[in-house]
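Please read them with the coordinates open.

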Amino acid sequence: MSNSILNHIEFETDLCQEYFVSGFTVILPTLATDLHIPAASATWPASAFSLTVASFLLIFGRLADMYGGFPVYVAGMAWLTVWSLIAGFSTNDIMLNFCRALQGLGPAAYLPSSVMILGSIYRPGPRKNLVFSIYGACAPLGLFAGIFFGGMTAEYMSWGWYFWIGTIFSAITALTSYLTIPSDIQEKLSAPFKVKMDWLGATFSVVGLILFTFAIIDSSHAPEQWKTPYIYVLFIVGSLLLLATAYIEARVASQPLLPASLFKVPSMPALVVALFLTYGSLGSFLL
């Protein structure tokens with residue numbers, strides 16, 4: 001059972017995530033031409049996916065704690081399958097942006113739950129270290145798979161096939177995961193300590209992240225850039241909501257999504273900063 005779980009979760013989870021990030025930058029010029037997407041709006045089909053993933057990761061991580069990693073993982077894969085299929089039929093930039101944003105909810109669900117499932121199956125030790133190393137190594141494989149199929153579909157096929165090939169990957173993963181991963185729903189529901197959702201913190205964090213990031217991304221294409229009223233207003237509102245989120249998580253929420261105690265672990269703040277800078281530079285190089 002463990003080998004089956006390892007094969008499905010490790011390889012296909014990161015493959016699907018990176019596939020829809022890396023390959024999309026390859027087909028974007030072709031797609032922008034076919035759908036007549038203005039240059040000022042061309043960043044959004046790529047950004048909407050990652051923004052949704054980042055905004056909802058903590059929420060789906062908490063849902064996995066509440067109801068189990070199995071249902072959240074399978075539901076995330078099934079959701080990604082549906083919206084990847086629909087995205088291939090996009091007829092304009094609005095439909096494409098909508099599908100890309102909803103696509104992002106799938107990885108936001110299955111990424112934290114996949115780590116949760118692997119962490120609960122393997123005990124600490126060399127084998128667990130190896131498992132998570134393989135899990136991380138599958139990310140570049142998915143990245144190159146996305147680039148390969150993105151290039152192939154842009155050159156020899158319709159760009160819609162980029163999404164439909166990804167649909168096949170995620171559909172296979174959803175089906176095999178449903179059949180092979182042991183359900184932990186009853187275990188979570190019967191646990192003596194009931195985990196609750198921090199709805200206030202979740203709402204403020206999601207809205208704050210979306211407004212804050214939207215202002216930064218759209219500022220370069222706005223009529224007057226940062227002097228455009230809606231840009232700096234959304235930036236200020238988003239910043240205030242994120243500050244309010246920090247206050248809620250530290251002072252108000254009984255079960256915060258991001259407890260302050262997490263950062264009391266030695267070297268944890270430095271690790272978070274290092275990860276932020278690492279993925280920031282990676283994103284720049286990929287772009």
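**Notes on the fold and selected residues**

1. Of the contacts in the protein with a separation of 6 or more, 81% are between residues 24 or more positions apart; contact means heavy atoms within 4.5 Å. This is a predicted model, in which local features need pLDDT of at least 70 and side-chain atom pairs count only at pLDDT 80 or more, while totals for chains, interfaces and linings use all residues. Residues are numbered from 1 along each chain as its sequence is written, and side-chain values use heavy atoms, with hydrogens and water left out.

2. The protein holds 11 helices and zero strands. Read from the N terminus, the order of elements is α-α-α-α-α-α-α-α-α-α-α. Helices (H or I, at least four residues) and strands (E, at least two) are DSSP runs, numbered from the N terminus.

3. Along the principal axes, the C-alpha atoms fill a box of roughly 55 × 45 × 30 Å.

4. Buried residues make up 43% of the 287 residues (buried is under 20% relative accessible area, exposed over 50%, partly exposed in between; 1.4 Å probe, protein chains only). The accessible surface comes to about 15,100 Å², and carbon and sulfur atoms hold 72% of that area. Areas come from the Shrake-Rupley method with a 1.4 Å probe; for residues, only the protein chains shown count as cover.

5. Arg-62 is found in helix H2. What is the nearest side chain of opposite charge to Arg-62, and how far away is it? It is Asp-65, 4.3 Å away, and Arg-62 is buried yet has no salt bridge (a side-chain nitrogen of Lys or Arg within 4 Å of a carboxyl oxygen of Asp or Glu). Leaving aside residues up to four places away in sequence, Arg-62 touches Val-195, Lys-196, Met-197, Asp-198, Gln-255, Pro-256 and Leu-257.

6. Most residues other than glycine have a negative phi. His-36, in the loop between helix H1 (2–34) and helix H2 (44–67), has a positive phi near 55 degrees. His-36 counts as exposed because its relative accessibility is 68%.

7. Ser-267 also has a positive phi, near 70 degrees. Ser-267 lies in the loop between helix H10 (229–252) and helix H11 (268–286). With a relative accessible area of 58%, Ser-267 is exposed.

Conventions
Lys and Arg count as positive and Asp and Glu as negative; His and the chain ends are not counted.
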